[in-house]
Amino acid sequence: MTPEWEALIVGINRYPEYTNFNDLTVAGLDGKNVAQRLEQYGYEPFRIQDLPLGLTQKGAGALPNRGIVKLEELRSAVANLFNPPPPNQPPETGLFFFSGHGCRQEVDGIEEVFLVTSDAFPDVGIYGYPLRELGEQITTSPVKQVVIWLDCCYSGELLKFIPTKKIYCLITATRSFEPGVEISHEQGVFTRELLAGLNPENSPDGIVTSHNLAEFIEQRMSRTGQRPLIANSEQAILLTTQFPKLSFQDKCPYRSLSYFTAKPEDALVFHGRSKLTKQLIERVRNKDRLLVVLGASGSGKSSLLRAGLLYQLKLGQAIPGSDAVGQRGFPP
């Protein structure tokens with residue numbers, strides 16, 4: 001059974017006058033574009049719920065440029081993503097993206113940051129969804145891989161709630177004291193770079209992980225007036241790829257006398273050596289000083305090392321941090 005990956009994508013343009021927040025022009029479109037990027041390139045198929053539109057499946061529908069998202073609606077959607085009630089099973093990977101207003105307010109003598117919803121009413125002390133509550137959700141969540149991207153003012157507050165004993169990728173558009181920037185009728189500054197970073201066609205390997213996405217965003221946003229904050233677990237999360245598994249169904253994977261390489265187009269159709277690959281990974285994990293692979297000519301030693309061991313190390317999944325070594329280059 002394929003592990004289920006779920007994403008909650010929220011883009012809020014509409015803020016009625018009583019909220020004291022101006023309408024936004026591109027937050028809804030930012031959400032739509034992130035959803036489409038995940039649908040097109042997701043390493044695993046994402047089941048996507050987007051607000052304010054509602055539940056969608058791959059290839060169906062899109063976020064409108066304007067719409068209302070209420071506090072209880074957002075609260076319920078976040079809880080169902082990270083802590084679904086029994087007997088529902090949690091997804092293996094839970095991804096939450098928010099684009100909209102963020103605000104910082106003192107509540108009961110404590111400074112808090114909120115994701116501002118369309119029914120916020122500051123005059124009576126209602127500001128939206130507290131980041132503290134989001135932090136509580138991911139702390140108690142049984143989801144193995146947590147991905148949160150926030151494109152709003154003061155969103156760096158999220159990094160106060162880095163989860164433990166989970167694989168995670170937390171990226172915020174700003175620091176906790178910093179407002180964000182929206183390019184009117186175009187894109188949010190952060191989401192523009194996020195979308196570019198998620199495009200596997202911009203990656204030399206055709207695969208985007210949480211680690212190389214972070215490096216991409218840090219480099220690109222160093223030229224802007226915003227400073228993103230990023231927290232990644234040592235183990236990488238595979239996010240997008242330009243090599244969907246089904247693309248090989250009509251192609252012959254046989255390489256004749258050539259060996260399989262560590263490139264995704266070879267590694268993804270390399271089968272029959274899973275047990276040996278795991279044994280090699282375990283030897284590397286144990287830091288054996290010498291690892292020798294012996295076999296008759298043509299028995300598949302080169303393919304095992306390249307499409308098996310080196311490819312898995314490059315992904316940073318089997319051994320946390322091994323993808324950092326891979327960035328310095330593997331044999332072709």
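## Helix 8

Eleven of the 15 residues of helix 8 are buried, so the rest of the structure largely encloses this helix. Buried here means under 20% relative accessible area, with exposed over 50% and partly exposed in between (1.4 Å probe, protein chains only). Among the buried ones are Ser303, Arg306, Gly308, Tyr311 and Lys314. Helices are DSSP runs of H or I with at least four residues, strands are runs of E with at least two, and both are numbered from the N terminus.

Helix 8 covers residues 301–315 and reaches 20 Å from its first C-alpha to its last, close to the 21 Å expected at 1.5 Å a residue. That expected span is 1.5 Å times one less than the number of residues.

## Ground rules

This is a predicted model, where local features need pLDDT of at least 70 and side-chain atom pairs count only at pLDDT 80 or more, while totals for chains, interfaces and linings use all residues. Numbering runs from 1 along each chain as its sequence is written, and side-chain values use heavy atoms, with hydrogens and water left out.

A nonpolar core is a set of buried Ala, Val, Leu, Ile, Met, Phe, Trp, Tyr and Cys residues joined through side-chain atoms within 4.5 Å. The largest one has 37 residues, and Leu74, Phe82, Phe96, Phe98, Leu134, Ile148 and Leu150 touch the most other members. Elements giving two or more residues to this core include strand 1, strand 4 (93–99), helix 3 (131–140) and strand 8 (145–151). Helix 2 gives the most, with six residues.

## Aromatic pairs

There are four aromatic pairs in the structure. Rings of Phe, Tyr and Trp (its six-membered ring) pair if their centres lie within 6.5 Å; planes under 30 degrees apart are stacked, over 60 edge-to-face, and the rest tilted. Trp5 and Phe46 have ring centres 5.4 Å apart and planes at 75 degrees, so they are edge-to-face. Trp5 lies in strand 1 (residues 5–11) and Phe46 in strand 2 (residues 46–51), so the pair ties together parts 41 residues apart in sequence. Trp5 is buried at a relative accessible area of 3%, and Phe46 is buried at 7%.

Tyr15 and Phe21 have their ring centres 6.2 Å apart and planes at 50 degrees, so that pair is tilted. Tyr15 is buried at 2% relative accessible area, and Phe21 counts as buried at 17%.
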